[in-house]
Structure formats: structure tokens, C-alpha cells
Amino acid sequence: MWCVAVAAGSFRRYATYRVATAAGVFTNTVFGFIVAYTFVALWAERPHLGGYGQAQALTFVWTAQALLAAAALMGGGGLEELQERIRTGDVAVDLYRPADLQLWWLAADLGRAGMQLIGRGVVPMAVGALVFPLALPGDVLTWGWFLLSVLLGIVVSFGLRYLVALASFWLLDGSGLSMISGLACLFFSGMLLPLRVFPGGFGEVVQLLPWAAILQVPADVLIGVRTGGALLRGLVFQAAWGAALLALGRLVQSAATRRVVVHGG
Amino acid sequence: MTDSDGTGPEPLIDVRGIEKVFSVRRKAGRLRRVREEVRAVDGITFQVPRGEMVGYIGPNGAGKSTTIKMLTGILVPSGGRLRIAGIDPARERTRLARRIGVVFGQRTTLWWDLPLADSYELVRRMYRIPDAVYRANLERCVELLDLAPLLAVPVRQLSLGQRMRGDIAAALLHDPEVLYLDEPTIGLDVVSKAKVREFVREVNADRGTTVLLTTHDLTDIEQLCRRVMVIDHGRLVYDGALDGLRAAADGERTLVVDLERELPPIEGVPGARTVRVEGPRQWLVFPAAQSAAPLVTAVAERYPLVDLSLREPDVESLIAELYARGATRAEPGRTPDGQRAPA
Amino acid sequence: MADHDRWPAVREGWRTAAAQGLYAYGLIVRMWVRSTLAYRASFVMMAVGNFAACALDFVAILLMFSQIDALGGFTLPEVAFLYGTSGLSLGLADLLLGSMDRLGRRVRDGTLDVLLLRPAPVFAQVAADRFALRRLGRISQALLVLGWSVTRLDVDWTAGRLLLVVLMTVCGTAIFGAVFTTGAAFQFWAQDAAEVQNSFTYGGNALLQYPPTVFAKDLVRGVTFVVPLAFVNWLPALRLLGRPDPLGLPGWVDFLGPAVAALMCAGAALAWRYGLRGYRSTGS
């Protein structure tokens with residue numbers, strides 16, 4: 001199937017950026033250390049903040065660093081290329097291809113994420129586990145649920161970024177929206193601070209937003225605070241946002257296609 | 001510095017045995033890597049007097065752009081002596097920059113995101129060009145290169161041909177003594193090419209600007225340069241008049257004969273061989289140095305000849321011939337008036 | 001090569017290079033500012049975004065302090081003081097030299113060659129290229145936080161103490177500037193390694209905005225003696241806040257900022273020269 005080929009091609013392409021990957025791993029690890037120490041201080045002050053123990057909080061830090069590139073927590077993730085194609089009008093060619101635009105980019109994004117999960121995720125997580133006492137699960141099954149949750153999170157992340165990219169059909173300069181979307185993801189995914197630590201009603205609302213599906217849910221699955229019914233609810237929550245965003249993407253895409261046809265590209 | 005203004009007897013561009021050796025790491029086996037020396041430029045010597053327009057050609061990877069990079073001060077030679085208007089490019093890069101203009105066909109020297117006019121304004125200030133000179137030069141370039149409608153457009157939005165014209169103007173605003181043109185017509189349409197050539201010719205004729213031109217398009221050379229230098233494998237294999245290339249390359253001429261009827265390939269004509277037969281028409285090639293008259297006589301004596309025509313070798317095939325013979329027999333050290341490469 | 005005419009030329013070269021560099025830097029910066037302001041709406045949006053991106057960091061700190069009273073023994077105004085001083089220094093260095101992390105890309109796509117054709121030092125051209133006024137966002141955000149913390153801190157603000165704040169900002173800017181430059185020089189060899197310097201600039205900033213008591217001693221030693229970022233704000237700020245330094249260094253070390261900054265700038269300049277020389281001899 002062509003989707004697999006696209007994903008594999010994208011995977012291989014990102015595998016060639018070796019120096020950039022090494023540099024990214026280094027940076028992720030450095031940031032991991034810094035945030036980990038602040039969390040140690042924070043949890044020393046409030047031992048059960050957000051329902052996490054210290055080891056769980058530290059696991060959250062390193063999970064966030066490991067997923068940073070794969071789940072494109074700061075935006076980007078290759079969809080700038082689509083944005084550029086829309087801006088230059090090259091996308092008209094893509095729309096006439098038999099392959100569906102959204103599926104094409106989803107496949108490419110999954111390939112990229114797969115590579116970056118391995119290339120940029122494993123080493124920071126391993127370093128974190130060596131230096132800090134992490135609460136990593138011992139059973140394969142939890143790791144399996146975690147990977148599934150990561151996959152769903154990446155789909156949600158893609159859904160959001162795809163919408164942002166498509167907005168370039170209507171916006172003259174998409175960089176502002178990209179920036180806002182990146183910032184929103186950084187903050188509402190829990191990258192800066194776990195959403196469970198957010199105070200009061202605000203804390204409850206942010207856990208319902210789509211960004212919560214990208215990092216908070218997978219991290220909770222790995223840490224072990226989501227098991228049984230909570231695990232299932234988390235996965236359904238992710239899948240629901242993923243489906244909703246992909247459907248919305250479809251809708252916007254068909255509107256954009258009509259626009260291209262009307263304006264002749 | 002003696003003769004720092006380049007007006008003395010010293011030629012404007014004086015290159016003596018320059019070399020550029022790169023050390024590259026090559027994969028050898030799974031993990032081992034071997035350091036290897038690549039002599040990109042292997043002892044080149046030439047001089048260009050003020051006001052001359054010289055073509056500099058060679059196949060890809062022959063050392064052309066490495067030479068240009070050394071002449072412009074981007075790269076430092078590994079050996080040899082190099083002076084442009086008395087300046088050593090490696091040591092006084094910024095002083096040299098004020099005296100030369102450079103146009104790269106493949107990349108712009110303009111500020112990509114700024115409107116063309118802003119780029120020129122920056123050039124004016126950065127080169128500290130006197131107002132009167134700047135205005136005169138800009139006006140002239142705008143007029144001759146049709147730049148007026150482009151001045152407000154950011155460089156990244158210009159088409160290749162427009163950008164190239166913009167680049168050429170930028171390179172000339174500070175009245176450079178030497179203009180390096182590296183593939184100035186690459187990717188341009190016929191009209192743009194003609195415009196660029198015309199302008200370069202005029203700059204050379206009016207201003208006496210010395211021009212060194214590298215190109216893949218030999219029409220550029222044929223239309224602009226009387227002197228041509230050919231580089232291959234890092235060595236000059238020819239330096240002399242364009243006309244001299246023929247003799248140097250041992251090119252072949254072609255005699256095309258029309259016979260009365262279809263016949264087997266013509267045989268037995270000394271010095272010539274038949275390379276193609278198409279109905280009654282046949283093609284015979286023979287060395288360029290040989291006279292065609294005895295050949296025609298020989299054919300006419302034995303075959304029913306109706307018509308004939310003689311074709312001179314084109315520059316392209318001559319150069320191909322030069323490359324094919326390789327650089328192994330060439331020696332550096334030809335003077336600019338040397339008529340042929342050593343064989 | 002004739003060596004007898006070399007040294008006067010080199011000395012003269014140094015003097016003129018500095019003047020040429022400043023001149024060219026000013027020219028290019030002015031041009032970028034003008035062109036930025038031509039698209040005012042877009043500029044405002046990017047500046048606000050820059051401001052917001054930095055502010056979110058501080059919002060995270062505020063959220064932490066909604067759950068606690070002190071972090072590593074430091075109160076919110078104290079952490080805000082560290083945050084503001086570090087952010088201000090980084091913001092200024094980022095504004096002045098932030099485009100240098102594009103060097104690797106310039107080497108890769110060959111546009112560095114173009115800079116070598118112009119009669120101005122390459123450093124000035126690289127530093128000024130794409131001068132981004134939107135980075136005022138970070139600076140103003142840091143200034144706001146710093147201003148707030150100064151009014152809340154229990155410190156007697158004498159002229160001397162205020163001067164120390166100014167001095168540490170200048171030195172901090174120089175130190176971060178040296179890191180930007182060294183990182184760019186590193187990209188002469190590793191063209192795709194632009195992200196490494198983020199560890200030291202943005203990562204360093206993330207580190208310095210928290211109290212040193214939060215971090216492991218070895219990490220604090222590392223940023224004091226190896227990559228001396230601690231001189232950006234930690235050491236002088238601890239003195240201002242009347243706190244002991246976790247490494248127990250002698251008191252005069254707190255005032256070494258200018259010397260450390262000068263040393264780092266000299267090192268960065270050497271790295272840059274070495275990198276550029278390497279580029280000019282290998283073309284890559």
C-alpha cells in the first residue's frame with residue numbers, strides 16, 4: 001500500500017539527519033536534567049503534588065523530553081513543508097494526485113515520528129533512567145499500552161498541525177498561526193508543567209483539551225496512574241480527539257480544494 | 001606592496017602556479033575512513049592584462065569554481081602566488097572586495113529578503129560609493145538591464161533572469177576593476193541571455209572592466225571572448241585565442257558529399273574515413289589541419305559526385321576533444337599570448 | 001610569501017576590521033529594522049508571540065508557586081529576580097547575535113561564500129543578518145518580571161546595588177553572546193548541530209532562572225568552572241539577595257563577571273577565527 005511506502009520513505013529521510021539528531025538528543029537531555037532538578041525541588045516541597053510521587057514526576061519529565069520531537073510538542077514536525085507548498089501554490093499538483101492529501105501527510109508524519117521516537121526518544125529516556133529514580137513499568141503490557149497511546153497522541157498532534165497548515169489557504173502569512181499553535185501545544189500539553197499540577201478548575205479544563213491527548217495521557221499510561229478503566233478512558237479520549245480532528249481536517253481540505261479549483265490554483 | 005594599484009607593468013590578474021589541495025575523508029569499508037588528498041587545482045599559471053575579457057571553461061569538477069573562489073578571496077590557495085591588482089586575496093580580502101565584482105549564477109549576492117533597491121542601497125553604503133558615482137552607475141544599469149520595474153520587489157520573488165540582471169548590476173555599482181562572472185547565463189531564456197551578454201560586452205568596452213567568465217554555454221564564450229582558458233583535472237590544458245582551439249584540439253572537419261545514387265561507404269580516400277551513410281548522402285571526416293582539396297579530387301575521380309559541403313568543427317566538439325585527451329600531457333605555465341596548449 | 005610587510009598590515013587590519021565590522025553591522029541592522037517595520041502588523045504579531053512564548057515559562061513558575069511558598073528555599077520574588085536577570089541577558093544577546101545559529105545552513109547552501117565577497121568582516125554580516133526586532137518581546141517580558149521582582153524584594157536598593165544589576169546584565173549579555181558565537185563557530189565543522197548551542201543558551205537560561213540550590217552540586221560546578229554561565233546572574237544575584245553560594249566560593253568571586261565575560265569573548269573570537277580560517281582553506 002502506498003501509505004506504508006510514504007511512511008517508510010519519511011522514516012528513512014529523517015534517519016539521514018544524523019548530526020541533527022545527535023544535536024537534538026543532546027539538547028533534550030540537557031533540558032531534561034534542568035527540568036528534572038526543578039521537579040525534584042518542587043516535589044520535595046509538596047510530596048504528592050498532582051497525585052504523582054517524585055519518581056513519577058521525574059518519569060513525566062523524561063517522557064516529555066523523549067516525545068518532544070516525535071509528537072512535535074513545539075509545532076513543526078515537517079508540516080511546514082505543506083504550508084510552503086500551499087503558499088507557493090505547488091499544492092495544486094498534489095490535489096490532482098490520486099493519493100489523498102491528508103492520508104499522504106499523515107503517513108509521512110507517522111514515518112517521521114517513528115524515526116524521531118527512536119532516534120531522539122530512547123537516549124534521553126535511558127540517560128534519565130540511569131541518573132534519576134524513574135517509575136518505569138516492569139511489564140511489557142504497560143509499555144504496549146504506552147506505545148499505543150503515543151501513536152494516538154501523534155495522530156492528535158498531526159490533526160492539529162494539519163489544520164494549521166491548511167489555514168495557509170486563507171491566510172497570507174501562516175507563521176503567526178503556527179507560532180500560536182506551537183505555544184498552545186507547549187503549554188497545554190503539559191510540556192512545561194504536568195497538567196495535573198495546574199490548579200483548580202483550570203486544571204480540570206486543560207485536561208479535556210486536545211493537547212492533553214498528546215503528552216499527558218501517554219505519560220500517565222507509562223507512569224502507571226492510568227490503569228484499568230482510566231487507561232481505557234484515556235485511550236478513548238485520545239481516539240475521539242484524533243477522529244474529530246481528522247474529520248475536521250477532511251472538511252477544511254475539501255473546502256480548500258474547492259477554493260483551489262475555483263481560483264485555478 | 002609594490003604596484004598596489006595594478007596600473008604598472010604587472011598584469012591585473014597575476015596567477016603563478018596556484019594550487020588547492022583538499023583533504024577528504026573517504027569511507028573504506030565499514031567503519032574505516034581514509035584521508036585522501038584531492039588536488040582540485042594543480043598548479044595553474046596565467047596573467048590577464050587590464051581590460052581583457054577571458055573565458056574560463058572546463059568540465060564539472062575540473063577546478064573552475066575553486067579557481068574563482070581563490071581569485072575572489074573566498075578560499076586560500078595551498079600554494080603558489082596570486083595577486084589581483086597587486087592585492088593578495090588571501091590576506092587582504094576586504095580590500096580586494098572593493099576592487100572586484102562577482103556574479104554567481106547559482107546563488108545571489110543580493111539580500112534575499114530585501115527589495116532590490118534596498119540591496120543596492122546597502123551595497124552603496126557598504127562599499128562607500130561616492131554619491132555621484134553610485135547614481136550614474138545605478139541609472140545606467142537600471143536602463144540597460146530594464147531594472148526599473150523590479151526595484152521594489154524582494155529578491156526572493158524575482159525570476160531567475162530578473163535576479164541575474166539584478167545581481168550583475170549590484171556587482172558593478174562600485175566600479176570594480178575586475179568582474180568575475182560564474183555561469184551568468186545558466187538557466188536563462190534566450191532573450192535574457194542575449195541581454196546579459198550585450199551588457200557585459202558594453203561594460204568591458206566602455207569601462208575597460210576586466211572580465212573573467214566561466215560558463216557551460218560556449219555561445220557566451222564565442223560571443224564575448226577572444227581569449228579562452230580551458231581547465232581540466234586542475235590543470236590548464238589550453239590558454240590562447242579562441243581560434244587557436246581548433247589547431248590545439250586536432251579537431252576534425254567533415255566533408256558531406258551527395259552522390260548520384262545510394263552506394264556502399266566510400267573507401268580508399270587517404271586521410272579520410274566515412275562515418276555515416278544516409279541514402280545517397282555520405283559523411284567523411286578528416287583532420288582539421290589537412291587540406292580538403294585533394295580529398296574532394298579523390299572522391300570526384302572515383303564516385304559520381306553531385307554536390308558537396310564542408311563543415312568546420314564547432315567549439316563544443318573541440319572542447320570535448322580537449323577534455324578527452326586529458327590533462328596529463330599539459331604543463332602549467334603558458335603565457336597569455338601562448339597560442340596553443342603544449343602537446 | 002613576503003613576511004616583512006605582514007605585521008603592519010595585520011595590526012592595521014585589526015583596527016579597520018573592528019571599525020568596518022561595527023559599520024557594516026549597523027548598516028545591515030538598520031536595513032532589517034526598516035524592512036521589518038514595513039510589515040508592521042506581522043512584526044507586532046511576531047513580537048507579541050515572542051513575548052508570550054517567554055511569558056509562558058514564567059506562567060509555569062507562577063503555577064508552581066500556586067502550590068508552594070518556596071522553591072529550593074527561594075521565594076517567588078527571588079526566583080523572579082533570577083528569571084528576569086537571566087532572561088534580560090539572554091534576550092539582549094539573542095537580539096544582537098541570535099542569527100548566528102544560521103551559520104551551518106549558510107555553509108551548507110553556500111551563501112557564506114557571498115559574505116566573503118563583501119568588504120566587511122564576515123562575523124558582522126552573519127550577526128546582523130535577519131536582525132529580528134521581534135526579540136524585543138523576550139527583552140520586554142524579562143524587564144517586566146525583573147521590575148516586578150525589584151519592587152517586591154526585601155533589598156535596600158542603593159545606587160551601588162542597582163549598578164551591580166546593570167553590570168551583571170552587561171556581563172551576562174557578553175557571556176551569552178560568547179556562547180552564541182562559539183556555537184556558530186562549531187557549526188563550521190558540524191553544520192547540522194545548530195541545536196547544540198540551544199542547550200547552552202536557552203538551556204542555560206532555563207537553568208539560571210531557578211535558584212542554584214535546586215540543582216546537583218556537580219551541575220552547579222559545571223556551570224561555574226566549565227561553561228561559566230553562573231556569572232550571568234547566579235553569583236552576583238546571590239550576593240544581592242544576601243544568600244550564601246552553594247559551592248562556598250570566596251566572596252570576591254561574585255565580582256569576577258567582567259573578567260569571565262572578557263575571557264569568554266576572547267575564547268569565542270579565537271574559535272570564530274579558527275573556524276573561518278578552516279572554512280577558507282577547505283571550502284566546507
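Of the 343 residues of chain B, 53% count as buried. The model is a predicted one. The secondary structure of chain B consists of 10 helices and 13 strands. When contacts in chain B between residues at least 6 apart in sequence are considered, 71% of them join residues at least 24 apart. The domain assignment divides chain B into domain 1, made up of 13-99 + 176-246 + 321-325, and domain 2, made up of 252-312. Between the C-alpha centres of domain 1 of chain B and domain 2 of chain B the distance is 40 Å.

Contacts between the chains were examined next. There are 2 pairs of chains in contact, and chains B and C share the most contacts. Chain A and chain B, by contrast, do not touch, and their nearest C-alpha atoms are 11 Å apart.

Helix H13 of chain C covers residues 257-282. With 26 residues at 1.5 Å a residue, helix H13 of chain C should span 38 Å, and this agrees with the 37 Å that separates its end C-alpha atoms. The buried residues of H13(C) are C:Gly257, C:Val260, C:Ala261, C:Met264, C:Ala268, C:Trp272, C:Gly275, C:Leu276, C:Tyr279 and C:Arg280. In chain B, these buried residues pack against strand E1 (13-27) and helix H2 (93-97). In chain C, they pack against helix H4 (103-109), helix H5 (111-115), helix H6 (122-128) and helix H8 (159-186).

Aromatic pairs were then considered. Over all chains, the structure holds 27 aromatic pairs. One of them joins A:Phe39 and A:Trp43; the ring centres are 5.4 Å apart and the planes stand at 45 degrees, so the pair is tilted. A:Phe169 and A:Trp170 form an edge-to-face pair, with 6.0 Å from centre to centre and 70 degrees between the planes. A:Phe169 counts as buried because its relative accessibility is 11%, under the 20% cut-off. A:Trp170 has a relative accessible area of 42% and is therefore partly exposed.

Aromatic residues of chains A and C also come together in one cluster, formed by A:Phe33, A:Tyr37, A:Trp62, A:Phe132, C:Phe215 and C:Trp234. Elsewhere in chain A, A:Arg97 lies over the face of A:Trp104, at 4.9 Å from the ring centre.

A:Thr38 is found in helix H2 of chain A. With a relative accessible area of 1%, A:Thr38 is buried. The side chain of A:Thr38 reaches the backbone oxygen of A:Val35 at 2.7 Å. When residues up to four places away in sequence are not counted, A:Thr38 touches C:Leu71, C:Tyr210, C:Val214 and C:Phe215. Of these, C:Phe215 is also a member of the aromatic cluster described above.

Definitions and conventions
Residues are numbered from 1 along each chain as its sequence is written. Chains are lettered from A and ligands numbered from 1 in the order in which they are written. This is a predicted model: local features need pLDDT of at least 70, side-chain atom pairs count only at pLDDT 80 or more; totals for chains, interfaces and linings use all residues. Side-chain values use heavy atoms; hydrogens and water are left out. Domain bounds come from an automatic or database domain assignment. Rings of Phe, Tyr and Trp (its six-membered ring) pair if their centres lie within 6.5 Å; planes under 30 degrees apart count as stacked, over 60 as edge-to-face and the rest as tilted. Buried means under 20% relative accessible area, exposed over 50%, partly exposed in between (1.4 Å probe, protein chains only). A charge sits over a ring if NZ of Lys or CZ of Arg is within 6 Å of the ring centre and within 35 degrees of the ring normal. Contact means heavy atoms within 4.5 Å. Helices (H or I, at least four residues) and strands (E, at least two) are DSSP runs, numbered from the N terminus. A polar contact is a pair of N or O atoms within 3.5 Å; within protein, one must be able to donate a hydrogen and the other to accept it, and residues adjacent in sequence count only if both atoms are side-chain atoms. The expected span of a helix is 1.5 Å times one less than its number of residues.
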